[in-house]
Amino acid sequence: MPFLLTGAPNARQQEFFLSRTRHTAYGGARGGGKSWAMRRKFVLLALRYDGLQLLLLRRTLPELLENHGRPLQKELYGLADYHSGSRAFNFPNGSRIRLGYCDKEADVYQYQGQEYDVVGLEEATHFTESQMQFLTTCNRTVRKDFAPRMYYTCNPGGVGHAWVKRLFIDKRYYNGESPQEYCFIPARVYDNPVLLSADPGYVKTLENLPLHLRRAYLEGDWDALEGQYFSEFRRERHVITPFTIPDWWRRFRAMDWGYNDPCAVLWFACGPDGRVYVYREEYARQVLSSKMAQRIREYSKGEKIAYTVASPDAWQKRGLVQKNTDGAEGESIAEVFARGGVPLLKADNSRVAGWQRVREYLADAEDGLPRLQIFSTCENLIRTLPLLLHSKTDVEDAAGGEDHAPEALRYGLMSRPAKSQPPKQNKSPVFDPFFQADTQLRGFLET
């Protein structure tokens, strides 16, 4: 009897088997049984639907043959005919599983014009975003009994880390991408009892990895990267559910100006214990400085904002560019903001000292909680802060990635935010009969 019929899926693999979402990703950590689940999913679909066309991909040919080619030849012996030239398994019901690879960027074009009901990207983070996007054009069907689907298995890291994280972890979608079409099923080694039983030492191997690899491969932490500048950032500790901030807490803003690059504005509040909360963000491209000032005023309506610090480049004279956008030749961005009711203070732009200040706020206070807390609604700061890497030319500096929101965070924390002081209570005067009598006597004498 083929091994196909004897393997039993674990709970996470069952979720993967049952998913009919247009795009389903499975994994996140090593040892979750990803390859086995992907092969079983494809074979089960091929058996369930007559004439189904499936394409299963790995980035390189050796990986493809080792992880899927040889195992499937053994498991499907007597159940499907294998043709080595086309690397395809043909089933008696007309279904076909083709194995493919995309070693070079241009290798995806070998599938141009081809049509597959199902496409699977094994170790999806090894594929570039442009490769993934091209392969989605091959995922189409004219069948009425089956909607086209794509399946992905993945670990953090790799050339495709950013697009996988964007779609399945951060859930940020661009034009034409619908949230309801994307599903992520997390799986770790602890979800795989077969591996734990067969190789109990594997967990110890993962536990002994360097910190960034342990977070990625054991915990499935998508914020952990090799060379990550703020390796101490953890969503479960630094990101919190929004709450109503008391009116008497001190509030201020920080901005990293940009027009073609995103303009990032953060709102801060200081608690009485010195803890700083980032409670709002604005993140937008190609918005005029006058319009951005208007937005900031509207978002801050009813709030008492102590000050707003901004990147020093907001004081540069923009000449004709500024004239074309805001109608005032030679006027700086800072002047436009001031005219718009949002006066700016020039931020301290000391990079290394600023990033060290951010690191200090990411650290725990005496009560065991981080000194910096970020509302979960500040999606762009949460998304981009863990993507900062160490500079290749200055190990003390950060570089690379989308750094606009982190820059605004740096400016804000370098402004030396002061803790909020509780409002003084208005106490009723204590009745003093001697004081009262003395007051009446003095009033009588003065008349």
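User: What makes both faces of strand E7 count as covered?

Analyst: On one side Arg149, Tyr151 and Thr153 are buried, and on the other Met150, Tyr152 and Cys154 are buried. Buried means under 20% relative accessible area, exposed over 50%, and partly exposed in between, with a 1.4 Å probe and protein chains only. In a regular strand, side chains alternate between the two faces of the sheet. Because 6 of the 6 residues of E7 (residues 149-154) are buried, the strand is largely enclosed by the rest of the structure. Please note that this is a predicted model, in which local features need pLDDT of at least 70 and side-chain atom pairs count only at pLDDT 80 or more, while totals for chains, interfaces and linings use all residues. Residues are numbered from 1 along each chain as its sequence is written, and side-chain values use heavy atoms, with hydrogens and water left out.

User: Why are E9 and E14 said to stand at the edges of their sheet?

Analyst: The sheet is open and has 7 strands in the order E9-E15-E12-E11-E10-E13-E14, with mixed pairing. Strand E9 (239-240) and strand E14 (345-346) each have a single partner strand, so one side of each is left without a neighbour in the sheet. Strands here are DSSP runs (E, at least two residues) and helices are runs of H or I with at least four, numbered from the N terminus. Within this sheet, E11 (residues 263-270) and E12 (residues 276-284) pair in the antiparallel sense over 8 bridges, with Cys270 opposite Val276.

User: How does the radius of gyration of the protein chain stand against the rule for a compact globule?

Analyst: The radius is taken over C-alpha atoms, and the globule rule is 2.2 Å times the number of residues to the power 0.38. For 447 residues a compact globule would have a radius near 22 Å, but the protein chain has 30 Å. The C-alpha trace spans about 120 × 60 × 50 Å along its principal axes.

Technical notes. Two strands pair if DSSP finds at least two bridges between them.
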